[in-house]
Amino acid sequence: MISSASHWLRLVTNGGYVGPVLVEQSLRELLVRGAESGTLGPGSKLPTERDLVEQLSAPRSAVRRALDTLEHEGLITRHVGRGTFLTEAATRKVDGAPADTSPAEIMQVRLLLEPQVATLAARVATQADLDRITDCLDAGGACEDFEGFEAWDARLHRAIAQATHNGLLMNMFDVLNTARALPVWGTLKRRTSSPERRSCYHREHTAIVEALRDRDPDGAGHAMRAHLQNVSDNLLGRH
């Protein structure tokens, strides 16, 4: 039996307030939990937009943007007059990173993978991809708090990966992102964060995005590597 929309939303939010930046994250969690338990499968109908607004205590615009993103990724389909439905792609299980993955291991893999991702994205990204990447950049730059900046940071890097239009690569990227969700990573990021450091990261993000918009593969890859090396040095105490 498929659980009600209200039941699933309570599982995700615990009945509490969800800020606009976290709406997409909450909806992703809804899909993951439903798929893992078997209560949501391909073709399952999701809560209405109005229900999501009410249950998540989120602006309609934030819910709509989150649904737009999930639709672009092929995780949901929307039909006027019928509703929003889960796709087969959303129910494919992505194995997570080992629970004992260290921050050093995470950064090693990010430095191997993400510069090449940026290089490919500079070659094949569409204008819609670049606009979405720029929106993430601008939103992150406007955040003054740790949680907001980190949420948009993750969305920016994922948007760059999406711009490669490579499903296999996205699976690899999502496994990497499960490692970034481990408590040890979040604790270290929070401990080493500061307004000055976030400002520096935003400048580095800007350099990456400018190279992408200039269709400069080498520049995008170099800017991504320089950014991640700086992140690694800050996290692991190398300077």
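Arg132 pairs with Asp129 in a salt bridge whose closest N and O atoms are 2.7 Å apart. A salt bridge is counted here when a side-chain nitrogen of Lys or Arg lies within 4 Å of a carboxyl oxygen of Asp or Glu. The two residues are three positions apart in helix H6, and about one helical turn therefore separates them. Both Arg132 and Asp129 are buried, a class that requires under 20% relative accessible area, with exposed meaning over 50% and partly exposed the range in between (1.4 Å probe, protein chains only).

## Basis of the model

The model is predicted: local features need pLDDT of at least 70, side-chain atom pairs count only at pLDDT 80 or more, and totals for chains, interfaces and linings use all residues. Residues are numbered from 1 along each chain as its sequence is written, and side-chain values use heavy atoms, with hydrogens and water left out.

## Overall architecture

The protein contains 11 helices and two strands. Helices (H or I, at least four residues) and strands (E, at least two) are DSSP runs, numbered from the N terminus. Read from the N terminus, the order of elements is α-α-α-α-β-β-α-α-α-α-α-α-α. Of the 239 residues in the protein, 48% are buried.

## Other salt bridges

Across the whole structure, a search finds 10 salt bridges. Side chains of opposite charge can pair when their charged atoms come close. One of the pairs joins Glu114 to Arg110, with 2.6 Å between the closest N and O atoms. Glu114 and Arg110 are four residues apart in helix H5, about one turn of the helix, and both are buried. An α-helix has 3.6 residues a turn, so residues three or four places apart point the same way.

Lys189 forms a salt bridge with Glu150, and their closest N and O atoms are 3.0 Å apart. Because Lys189 belongs to helix H9 (residues 183-192) and Glu150 to helix H7, this pair ties together parts that are 39 residues apart in sequence. Lys189 and Glu150 are both buried.

Helix H5 covers residues 103-124, a run of 22 residues. From its first C-alpha to its last, H5 reaches 30 Å, close to the 32 Å expected at 1.5 Å a residue; the expected span is 1.5 Å times one less than the number of residues. At Leu111, H5 bends by about 30 degrees, and Pro115 follows within four residues. The bend at a residue is the angle between axes fitted to the seven residues ending there and the seven starting there.

## The second largest pocket

The second largest pocket has a volume of about 230 Å³. On a 1 Å grid over the protein atoms alone, a pocket is an open set of points where a 1.4 Å probe fits, with protein on both sides within 12 Å along at least five of seven lines, and lining residues have an atom within 4 Å of a point. Grid points are joined across faces, edges and corners, and the volume is the space filled by probe spheres set on the points.

The lining of this pocket consists of Arg65, Asp68, Thr69, His72, Arg132, Asp135, Cys136, Ala139, Trp152 and Arg155. Helix H4 (60-72), helix H6 (127-142) and helix H7 (146-162) are the elements that give two or more residues to the lining. By class, three lining residues are nonpolar, two are polar and five are charged. In this scheme Ala, Val, Leu, Ile, Met, Phe, Trp, Tyr, Cys and Pro count as nonpolar, Asp, Glu, Lys and Arg as charged, and the others, Gly among them, as polar.

## Loop residues with positive phi

Most residues other than glycine have a negative phi, and most peptide bonds are trans. His165 has a positive phi, near 55 degrees, and lies in the loop between H7 and helix H8 (167-180). With a relative accessible area of 47%, His165 is partly exposed.

Arg215 also has a positive phi near 55 degrees. Its place is the loop between H10 and helix H11 (217-236), and Arg215 is partly exposed, at 37% relative accessible area.

## Contacts across the sequence

Leu75 is situated in the loop between H4 and strand E1 (76-79) and counts as buried at 16% relative accessibility. Its C-alpha atom is 9.3 Å from that of Arg28, although Leu75 and Arg28 are 47 residues apart along the chain.

Arg203 is part of helix H10 (residues 195-213) and is exposed, with a relative accessible area of 52%. The C-alpha atoms of Arg203 and Gly141 are separated by 8.8 Å, and the two residues are 62 residues apart along the chain.
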